[in-house]
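Me: Got a model open here and want a quick walk through it. Can we start with a pocket?
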Amino acid sequence: MSGLLRVPAGERLDLRRFDPAGTPSGPADKAAGLAATAGMAGKLASLQERLYAASTAGDRRRVLLVLQGMDTSGKGGTVKHVIGQFNPSGCRIKAFKAPTPEEREHPFLWRITKPLPQPGEIGIFDRSHYEDVLVARVRELVPRSRLNRRYSQINDFEKSLADDGVSIVKVFLHISYEEQRARLLARLDNPDKHWKFDEGDIEERAAWPAYQEAYELALERCSTDAAPWFIVPADRKWYRNWAISTLLLEHLEAIGPRYPEGDFDVEECRRRLLAT
């Protein structure tokens, strides 16, 4: 899946070429997708445990899943249904909101460094440093010259993370304009979902073309060998969950974490325990 969903390198990106309701590979329907996703749970949990165990012996490797997408694209749903397959004690989840006054006093990457995963952990960013080249671009929050420098700053930052043992999985949840409307209406129709609705979502929706352009630029300029972007069709929630689970499985298998060997005499310890 990594090769199939990865943002093409060396060419101008046009999101209109990617079908938000597509199922480019994998299960044929929802039932098969749900079963396939559930079938990965054991492998994912085992690899997570080995990743954490390896860190106790000095292995610095870890995983960072970055989730970006328009409102209702499924960032929270991914955390619930995909990350829910892992042991929560080995995960570090951070949902980024608008910068606080303190955060605005620092360089834009300052607030990103605090919640990064530690060795052996799986980190999940619900939104991320990319907000500073997305919202900032659409809403013209910073001068264009400073904004353009941020792409290379992001690439340098992510390269430094990769060099330090972080496997970065950046996922753009590609939802259609029509599906977003349907999901926002569903929130209005259900009083139990009103807490998830924000009138500002309507204003942001009006800027849809500008956001699509901002995403195209960010994905095009910041998809690197060290930290590639993956475009995941997000209109079908079951396919979204299967695809991201598969991406995580592939990256964890590529890491290949192993349980560290004990530094003690197993038979001697067995003898001592039996004597108690």
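Me: Which residues line the second largest pocket?

Reply: Leu-4, Leu-5, Arg-6, Arg-17, Phe-18, Asp-19, Gly-22, Thr-23, Pro-24, His-174, Ile-231 and Pro-233. Two elements give two or more residues to that lining: α1 (2-5) and β5 (229-233). Helices here are DSSP runs of H or I, at least four residues, and strands are E runs of at least two, numbered from the N terminus. A pocket is an open set of points on a 1 Å grid over the protein atoms alone, where a 1.4 Å probe fits, with protein on both sides within 12 Å along at least five of seven lines; lining residues have an atom within 4 Å of a point.

Me: Where do these numbers come from?

Reply: This is a predicted model, so local features need pLDDT of at least 70 and side-chain atom pairs count only at pLDDT 80 or more, while totals for chains, interfaces and linings use all residues. Residues are numbered from 1 along each chain as its sequence is written, and side-chain values use heavy atoms, with hydrogens and water left out.

Me: How is the lining of that pocket divided into nonpolar, polar and charged?

Reply: Six nonpolar, three polar and three charged. Ala, Val, Leu, Ile, Met, Phe, Trp, Tyr, Cys and Pro count as nonpolar, Asp, Glu, Lys and Arg as charged, and the others, Gly among them, as polar.

Me: New topic. Which residues touch the most other members of the largest nonpolar core?

Reply: Leu-65, Val-171, Ile-244, Leu-248 and Leu-252, out of 71 residues. Helix α11 (residues 237-255) gives the most, with ten residues. A nonpolar core is a set of buried Ala, Val, Leu, Ile, Met, Phe, Trp, Tyr and Cys residues joined through side-chain atoms within 4.5 Å. Buried means under 20% relative accessible area, exposed over 50%, partly exposed in between (1.4 Å probe, protein chains only).

Me: What is Ile-244 in contact with?

Reply: Beyond four places in sequence, its partners are Leu-65, Leu-67, Thr-78, Val-82, Val-171, Leu-173 and Val-232. Contact means heavy atoms within 4.5 Å.

Me: And Glu-131, buried or exposed?

Reply: Buried, at 13% relative accessible area. Glu-131 lies in helix α6 (residues 131-138). Seven of the eight residues of α6 are buried, so the helix is largely enclosed by the rest of the structure.

Me: What do those buried residues pack against?

Reply: β1 (62-69), α5 (110-113), α7 (144-163) and α10 (208-221). Just after α6, Glu-140 takes a positive phi of about 50°.
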